[in-house]
Amino acid sequence: MDMLWNGWGDPASATPLPDTVTGVLRELLGVKPRGTAPVPLEEIGVPASPLDDAARRALETAVGDRPERVRTDAGTRVRHTRGKSTPDLLRMRTGDTADAPAAVVLPDDHDEVLAVLDACARHGLPLVPFGGGTSVVGGLAPEGRSGPARFVALDLRHMNRLLDLDEVSRTATLQPGLRAPEAEALLAERGYTLGHFPQSYEWATIGGFAATRSSGQASAGYGRFDEMVLGLTLATPEGTLDAGRAPRSAAGPDLRQLVLGSEGAFGVITSVTVRVRPLPEVRRHEGWRFASFDAGAAALRRLAQDGPRPTVLRLSDETETLIGLARPDAIGASLERQDAGCLAVVGFEGTGEDTTHRRERAAAVLRECGGTFAGDEPGERWAHGRYSAPYLRDSLLDAGALAETLETATYWSKIPALYAAVRDALTGTLTEAGTPPLVMCHISHVYENGASLYFTVVSAQGDDPLAHWSRAKHAANEAILTAGGTITHHHGVGTDHRDWYVREAGPLGVAALRAVKRSLDPAGLLSPGVLLPGDRPAHDALPPPVRRTTHPHP
């Protein structure tokens with residue numbers, strides 16, 4: 001099943017906002033319902049595909065002479081237009097499909113991906129890998145074009161197999177188009193789990209996790225996705241790159257880390273080898289309350305640095321706790337109770353005896369830091385509704401609110417200043433625009449040396465919501481760099497963060513990345529404008545295609 005084209009996920013899973021929330025939106029933020037409904041799909045006017053007959057034939061040949069695997073119909077192209085950021089959805093709701101790809105191509109394996117890249121190089125077609133379509137940072141709308149969107153969306157859904165499971169080494173090799181729930185189901189049949197559960201879990205893919213350095217909600221116990229990857233295969237216009245033949249190596253710089261986070265700019269990830277762990281016997285989530293965000297953050301730091309480290313560890317600030325955003329399926333319930341303080345969700349996975357022991361030790365630390373046990377209900381409610389927030393965002397847009405998120409990370413000593421700087425930037429910019437916001441935040445991922453901050457912003461849409469958010473996002477990005485944070489912790493760079501990423505990496509770092517791109521993608525056809533700035537060269541400047549050997553893929 002495809003995701004909703006102008007919203008998130010499965011429409012059947014969406015729920016209306018409670019009256020308490022609509023009342024707060026109206027009275028506190030001045031939110032008014034929009035006068036027009038989203039444009040229906042059947043009424044969308046999609047520009048005609050600019051793909052010429054020769055290019056189409058070349059693409060069909062690349063995927064085994066199967067015309068049905070090269071799609072140029074309006075519906076398919078619309079469903080591969082942009083990602084799922086709030087600006088993306090606002091544009092889609094008005095029927096703006098200017099960024100629709102010229103064609104959607106569906107390969108079966110690594111060799112077909114290489115053949116598609118060859119065809120694109122010969123015909124000057126930019127290409128953007130498309131997994132679950134969940135990018136929220138402009139990763140699916142390439143820049144550097146003039147006129148109609150003339151690029152190929154490479155849909156990897158048919159590359160969705162578990163290729164190998166090494167139970168002795170506890171590794172699994174997965175294809176990139178495998179969606180996370182399907183991967184977990186295949187591994188669970190053999191008694192294993194990847195343990196990667198980001199908010200996009202229901203729709204995102206293995207290849208997308210690797211390409212964006214995804215971080216799951218159980219990262220305190222399982223680690224980030226880039227920490228799980230032991231090997232990968234990359235298809236590039238210049239051939240195949242295989243990286244990783246052992247868990248660790250001293251054989252030069254780690255090329256795996258060069259590919260992880262490259263967001264399709266260097267090549268198409270066609271397989272990923274990851275470490276897996278046995279399915280836990282017990283999964284338990286509980287709630288803890290702290291008097292302030294600072295007190296709760298200090299408690300999380302203690303656990304992250306000195307242990308015992310839970311599997312899930314996250315802390316909502318006072319505003320997020322009051323609104324109830326820590327439990328999206330029960331949004332607004334805390335307003336009726338006027339809950340105070342900050343809610344922490346603490347989760348444990350493992351064997352029964354080990355989980356009990358770690359819970360008891362963690363509880364002693366949390367109490368010593370001023371925490372009060374709130375029972376299992378807040379934690380289990382969070383676990384039950386952990387994938388509901390994107391649906392809530394759709395409901396807020398329906399109600400006339402602007403709702404968006406952004407995230408960053410820094411060292412523990414800089415968390416207070418970064419938290420204040422981003423809140424002030426968002427609040428000041430949107431208030432000046434006449435749409436004062438509600439700004440909420442939580443610590444979503446913890447490390448021994450620092451943590452991430454995840455902000456949610458809700459305001460009235462105003463006359464021009466895209467312009468309002470653009471100014472606010474710009475101010476927040478400037479605040480992040482000034483306060484010493486990274487421009488993104490797990491959402492990725494895309495086109496939205498690219499200019500700030502360039503400043504964060506510095507001129508020499510950017511020059512090194514450009515050199516890598518020139519080596520792997522000399523024509524600049526892969527995800528142009530994503531990760532690194534710069535238009536692609538004109539078609540007549542393209543080098544001749546390189547003859548390649550096939551890849552010995554399992």
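Me: Rings of Phe, Tyr and Trp pair if their centres lie within 6.5 Å. How many aromatic pairs does a search of the whole structure find?

Reply: The model is a predicted one. Searching the whole structure turns up six aromatic pairs.

Me: What makes F293 and Y419 an aromatic pair?

Reply: Their ring centres are 4.7 Å apart. The cut-off is 6.5 Å, so the two rings count as a pair.

Me: Why is the F293 and Y419 pair called tilted?

Reply: The angle between the planes is 35 degrees. Stacked needs under 30 degrees and edge-to-face needs over 60, so 35 degrees falls to tilted.

Me: What makes this pair a link between distant parts of the chain?

Reply: F293 belongs to helix α11 (residues 293–306) and Y419 to helix α17 (residues 415–432). They are 126 residues apart. Both F293 and Y419 are buried.

Me: What makes F197, Y201 and Y387 a cluster?

Reply: Ring pairs join the three residues. Pairing rests on ring centres within 6.5 Å.

Me: How do you know whether D521 is buried or exposed?

Reply: Its relative accessible area is 2%. Buried means under 20%, so D521 is buried. D521 sits in the segment after α19 (498–520). Leaving out residues up to four places away in sequence, D521 touches P237, A265 and L526.

Me: What makes D52 a cap for α2?

Reply: A side-chain oxygen of D52 lies 3.2 Å from the backbone nitrogen of A54. The limit for a polar contact is 3.5 Å, so this distance falls within it. D52 caps the N-terminal end of α2. Just after α2, G64 takes a positive phi of about 80 degrees.

Me: Which residues of helix α2 are buried, and what do they pack against?

Reply: In helix α2 (residues 53–62), the buried residues are A55, A58, L59, E60 and A62. They pack against β1 (70–71), β2 (103–105), α5 (110–123) and β4 (152–155). An α-helix has 3.6 residues a turn, so residues three or four places apart point the same way.

Me: Which residues have the most contacts inside the largest nonpolar core?

Reply: I206, F225, V272, V274 and L531 have the most contacts in this core of 48 residues. Helix α19 gives the most to the core, with five residues. Apart from this core lies another, of 45 residues, with W288, V346, L430 and L453 among them.

Me: What does L531 touch?

Reply: Beyond four places away in sequence, its contacts include G261, A265, F266, V493 and Y501.

Conventions:
Residues are numbered from 1 along each chain as its sequence is written. This is a predicted model: local features need pLDDT of at least 70, side-chain atom pairs count only at pLDDT 80 or more; totals for chains, interfaces and linings use all residues. Side-chain values use heavy atoms; hydrogens and water are left out. Helices (H or I, at least four residues) and strands (E, at least two) are DSSP runs, numbered from the N terminus. Buried means under 20% relative accessible area, exposed over 50%, partly exposed in between (1.4 Å probe, protein chains only). Contact means heavy atoms within 4.5 Å. A polar contact is a pair of N or O atoms within 3.5 Å; within protein, one must be able to donate a hydrogen and the other to accept it, and residues adjacent in sequence count only if both atoms are side-chain atoms. A nonpolar core is a set of buried Ala, Val, Leu, Ile, Met, Phe, Trp, Tyr and Cys residues joined through side-chain atoms within 4.5 Å.
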